Amino acid sequence: MRQINRVAVLGAGVMGATIAAHLANAALDVLLLDMVPRELSGDEQAADLTLDSPQVRNRIARTGLEGLLTMKPAPFYLKEYASQIEVGNFDDDLSRLKEYDWVIEVVVEHLPIKQSLFGKLLPHLAPGTILSTNTSGLSVNAMAEGLPLEVRKNFLVTHFFNPPRYMRLLEIVPCRETDPAVIKGMADFISRRLGKGIVYAKDTPNFIANRIGVYAIYKGIEHMMAMGMTVEEVDAVAGPATARPKSAAFRTADLVGIDTLIHVGNNSYQQLPEDDEREVFKVPDFMTQMVDKGLLGNKSKGGFYRKEQVDGKRQIFYYDYTRGEFAPAVKPKFASLAAVKLIDDPVQKVKMVVDGQDKAAEYAWKNLRDTLIYTVKRIPEIADDVINIDNAMKWGFNWEIGPFEMLDAIGVANFVKRAASDGVAVPEILRKVERFYRFNESGQREYFDLQAGEYRPLPLKAGQINLQVLKKSGAVVEKSAGCTTLDLGDGVFALEFHSKMNALSGDILAMTHKAIRRAETEGAGLVIGNQGVNFSVGANLMLLAVAMAEGAYEDIDMMVRAFQKATMAIKYAKVPVVAAPHQMALGGGCEFCLHAAAINAYAETYMGLVEIGVGLLPAGGGTKEMCLRAVALAGKYGTDVSPFIFKHFQQIGMAKVSMGAAELPGMGYMREGDGISMDLDRLIADAKQKVLALAVNYRPKRPLANLPAPGRSVAASIKSQLWNMQMGGFATAYEAEMGGVIASIICGGDVPAGTPISEDYLLQLEREGFLRLCGNRKTAERIQHMLKTGKPLRN
């Protein structure tokens, strides 16, 4: 397959424009086209433009591009990536398609319109150009009927999920004539370059994820109405408690649009006459009435939920479908859900909830029972195996575990027995399989092939490193409750966190030293990374809260020293240590990364020094490190250190978190030579390769001394601004105090500018400042609030 460098996107609506943005994120050159307007806008008339004016003819595509710059969540990693997108129109610019390697159609979901566009663009496609459609459910073979055979060989569905930057799933659906080499080549390119998780679907209505996900929602509505539950009660069950996203069922509906959910339901009902559960997709009357009232979800500021200001405070209301009006949200409580609130393991959560004895547990069981049975019956109709279905639901609907993994969690035999006791028929195959996933004797993970009736090896991408598989195959070197040291091969070791939320505690700090010593004596280097939901949310606050409550400040001092020793061991290891953060890398997790020889981050990495949110400061070397980096930048450019200090202070003081790895260099958290991986599956492998590259000529660092302190005058300038903010009512006295402590440390203490200071001295300042803030009653309140709610306390 030809190399892909230039991509044309046909259709500049929300989906087309956001696909174009993500292609630009991947450093591809993009052409975004749409229709020519049929009439002038008021502004165009006032500017004496005509329908022949280029700015008018390209207006629709240009508006789509401009909308990306203000869209939330941000579709671009960095706004300047918009410069990689050119705009044009279907009438003037289709001839340019011969210059492009991949053409993606993203126009309205109506077969005749798509076929008409294909007819117009065919003369302009170069031989070998990939042509794909982003349809969410139309037949790929019906679209291919009017295409020449040579084009059909390169034609397929590439179904992005919305929003394309953030949703990992991409469904590939070939037509009958699609060249297998094209399927494989596109899957590899889209996975590696765009970071997508690929699933292979069949040419059936709504493919995989929407078929199962929408069934689960509609069947859930059926059970909700039968059991007399509210949408709020259902969402309490259908969210994290049962290993599904916080948006659960009805917040998801509000997110995608209730009109869209109705469209998918109607499409399923009309296109699936042979489906034994076709009636489930019939749209309830109350949903039709909601759309008639203009309640479409988030895009109309109201759907199943609505936010209003009541007595100056924001209040959430839910839609009471029995009365056709909104009611105040009450945050329903169920014992079965409370029991799993502090449990991270999705397998354990699902099993515990469905085994519960209250109404929530009954609903969870009934909805999952019917959804899982429906899913089993869809093989081989919508996909060939359990892997594609499980991945589709995890990547497209953000389920923590897929349907077949849920069956394993509940226990297949238990599931069959309980369903039978309900009088519900189950597919015969469920009586013949013990579980759908297992590890064989050699540590290889296998899945049960429903069509073949046997276990087969779970395939891995070329170069992919799966830590769970490694652990089962004997790669564990040393293990504690919160972390494991693994042998990645080729002399590279890995330090993997697996504590609750990957919070950093004493055993992880101790294992950090052991892992580094192991790499120094037996290998080439170390990767710090894991394959949990997040890299690390920071230090374990519970231990600190207990010590503060007991007034054990000597113990706190020891904790901070231990953390600093661990990060300094990372920085001054005799071999390269590479951090591989993904998703959240906050507080102490960020500090671990800052001290690594290099960072290889996943593109969606949200990193920041956020300690001030609980009334503390980065004392694991984070404040020290940002002082050092400011001094280094000033020295590099031969300029005043103040602007760099101000910027780094502001990031710490405002607990700024990157909105992606691309922002980290600008924040000073990533440096030249650090890398970004688009494909999460390849993150650990990419970090390993970076270790090996650095190891060839690695020169260990030495602790820094004789650094010119920014000095008390710079700190005074920051404190003056804090005082002004306090006097203006923009900061409290407590916030000004916290800011003052951080300012003193990041400026090198109460010394004149240029005074020689050392790294160890800055660490001492961190410890003193940290202990001072720990003694403040409001800090204790903030920590307790964070532990209770998971959110920082807002003054």
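**Salt bridges, surface patches and local backbone features**

Arg 6 and Glu 99 are joined by a side-chain salt bridge with an N to O distance of 3.4 Å, a salt bridge being a side-chain nitrogen of Lys or Arg within 4 Å of a carboxyl oxygen of Asp or Glu. This pair links distant parts of the chain, 93 residues apart: Arg 6 is in strand E1 (residues 6-10), and Glu 99 is in the loop between helix H5 (90-93) and strand E4 (102-105). Helices (H or I, at least four residues) and strands (E, at least two) are DSSP runs, numbered from the N terminus. The model is predicted; local features need pLDDT of at least 70 and side-chain atom pairs count only at pLDDT 80 or more, whereas totals for chains, interfaces and linings use all residues. Residues are numbered from 1 along each chain as its sequence is written, and side-chain values use heavy atoms, with hydrogens and water left out.

Arg 6 counts as partly exposed at 25% relative accessibility, and Glu 99 counts as partly exposed at 35%. Here buried means under 20% relative accessible area, exposed over 50%, and partly exposed in between (1.4 Å probe, protein chains only). The structure holds 60 salt bridges. Another is formed by Asp 92 and Arg 57, with the closest N and O atoms 2.7 Å apart. Asp 92 lies in helix H5 and Arg 57 in helix H3 (residues 54-57), so this pair ties together parts that are 35 residues apart in sequence. Asp 92 is partly exposed, at 38%, whereas Arg 57 is buried, at 16%.

A salt bridge of 2.7 Å (N to O) also connects Arg 561 and Asp 557. Both residues lie in helix H24 (residues 553-571), four residues apart, about one turn of the helix. Arg 561 is partly exposed, with a relative accessible area of 37%, while Asp 557 is buried at 17%. Elsewhere, salt bridges that share partners join Arg 211, Lys 219, Glu 222, Asp 275, Asp 276, Glu 277, Lys 377, Arg 378 and Glu 381 into one network.

Helix H18 (residues 386-396) is mostly covered, with 11 of its 11 residues buried. The N-terminal end of H18 is capped by Asp 385, a side-chain oxygen of which lies 3.1 Å from the backbone nitrogen of Ile 387. Just after H18, Asn 398 has a positive phi of about 60 degrees. In the loop between helix H17 (359-376) and H18 lies Pro 380, which is joined to Ile 379 by a cis peptide bond with omega of about 10 degrees. The peptide bond from Asn 162 to Pro 163 is also cis, with omega near 0 degrees.

On the surface, Met 542, Val 546 and Leu 787 form a nonpolar patch with about 240 Å² of accessible area together. Patches are made of residues with over 30% relative accessible area and no salt bridge; like charges are joined within 9 Å, and nonpolar side chains (Val, Leu, Ile, Met, Phe, Trp, Tyr) within 5 Å. Accessible areas come from the Shrake-Rupley method with a 1.4 Å probe, and for residues only the protein chains shown count as cover. Met 542 is in helix H23 (residues 541-549) and is partly exposed, at 45%.

Conventions. Polar contact = N/O pair within 3.5 Å; in protein donor to acceptor, adjacent residues only side chain to side chain.
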